[in-house]
Amino acid sequence: MREVSPLYARPSGWNRLLPPRPAASGRISDIRKARFVVIGAGYAGIAASRRLAELFPDELVVLLESSTVGEGAAGRNSGFLIDLPYAKIQASKDAREAEWQKLFLQTGRKWLEELVLRHGIECGWNPCGNYKGAMTEQGEAELKELAAQLTAVGASFQALSRTDLENQLGTTFYRSAVWMPNCILVQPAALVRGLADSLPRNVVLAEGTAVTEVRRGKPHTVITGQGEIAADTVIFANNSFLGRFGIARSRQITMYTYAGLTPALPADEAALLGRMPDWGMVPAERMGATTRKVGGDRYMIRTGFSYERELDNAGVEAMLTDAYRDRYPDMRSHELEYVWGGAVSITRNGAPFFGAVGTDLYGVSGCNGSGIIKMSLLGKLLAEYVAGQDSALLRGCLEWAKPSWIPPEPLRRIGVALAMRKHIREVAAVRPHR
């Protein structure tokens, strides 16, 4: 069988914190025809399925997931919902596009919050804001520019020194940081599982159902290991793996990032992570580490990158352990209970991929490391686009969701290698000498 979905080496730590979830069979063997088939039950695929089901309540929507919900990329991220462009991504210099970005993120956050409240999704929803920290001179320059942008648009923030960060987060690793209130922290696997479990009744979710081929036609034929489905419309929402269906190959690359989560720490050790029960830090440097204090007694760190394939287990755990030790050298142990990798879709200019890819065929991808809000609302808007609806947000997607061309191999691999080598040098320059 041709591989068209990620085969992760390690389970998601976020998912392992939750009770086991039986895979939804979705009666896929009984389905021969559907109005809509959505491939990929991450944030985008679930959102697209939900909206299609609302807009077409008498039609069948089939949502196919190769693994189980929570084990894909959606359940492997760091759980940040940031609704201010400047806080995580670089806002456009075009005033119209920048305003659209702000409206897009805030609309997506409000929609997700409504769903969480309406369906009682237990995902640790915590509007505690987030830090953006600098570990290098270049990072500090980025923070100064960020502070100027935030001041210019009247956004709330606090500039923090190394001493401030030691008092609040218990670490002297960062030179400085900016704290912004425009962030909600969640348990990402719990959120995506809750969103999947609250889909409308006319959505049939089939997990453990990898799509091996889509034959184009009228109707299209979606081929899985459990049988074939004739579909009038197909939506590809399978993250950076669109390329395995021949879509967006020159517009995105697949990068793997890596995360580790500690066991529940004793009270005196958890206190070394700062006085707050939960906090989150994203890096000012493009390839820096994302870190969190989780639930008052765990620490998560996400760092390291590899191109197209996962790194070996031992190397990943050693890398994450070193990064943890650099930030908190006084811990009695730097043990990580869970270690995992996740695929991220990266585009050259940071724009998502969105729109038609053929007659009654549509695709969405390009999270660029900011996936929960962005991919959820993109999935919803793509469903509305399929239905022929119109809105300012949708028009903005069609105008600005245009990823730049990426050179083919071997130039692509060389460019990635040079960027990663630069990051490794920067990290080595600021690591403590032990």
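Student: What should I know before I start?

Tutor: This is a predicted model, where local features need pLDDT of at least 70 and side-chain atom pairs count only at pLDDT 80 or more, while totals for chains, interfaces and linings use all residues. Residues are numbered from 1 along each chain as its sequence is written, and side-chain values use heavy atoms, with hydrogens and water left out.

Student: How many helices and strands does the protein have?

Tutor: Helices (H or I, at least four residues) and strands (E, at least two) are DSSP runs, numbered from the N terminus. Here there are twelve helices and 18 strands.

Student: How do I read the radius of gyration?

Tutor: It is taken over C-alpha atoms, and the globule rule is 2.2 Å times the number of residues to the power 0.38. For 434 residues, a compact globule would come out near 22 Å; the protein has 21 Å, which agrees.

Student: What share of the residues is buried?

Tutor: Buried means under 20% relative accessible area, exposed over 50%, and partly exposed in between (1.4 Å probe, protein chains only). In this protein, 58% of the 434 residues are buried.

Student: How many disulfides are there?

Tutor: A disulfide is a pair of cysteine sulfur atoms within 2.5 Å. Searching the whole structure gives zero. Take Cys 123: its nearest cysteine sulfur, that of Cys 128, is 12 Å away, and Cys 123 is buried at 2% relative accessibility.

Student: Now the backbone. Which peptide bonds are cis?

Tutor: Most peptide bonds are trans, and most residues other than glycine have a negative phi. Here, the bond from Lys 218 to Pro 219 is cis, with omega near 0°; Pro 219 lies in the loop between β9 (211-215) and β10 (220-224). Another cis bond joins Glu 409 and Pro 410, with omega about 5°, and Pro 410 sits in the loop between α11 (392-400) and α12 (411-430).

Student: And where are Ala 248 and Glu 308 found?

Tutor: Ala 248, with a positive phi near 60°, is in the loop between β11 (227-236) and β12 (253-261) and counts as buried at 13% relative accessibility. Glu 308 has a positive phi of about 75°; its loop runs between β15 (298-307) and α9 (313-327), and Glu 308 is partly exposed at 29%.
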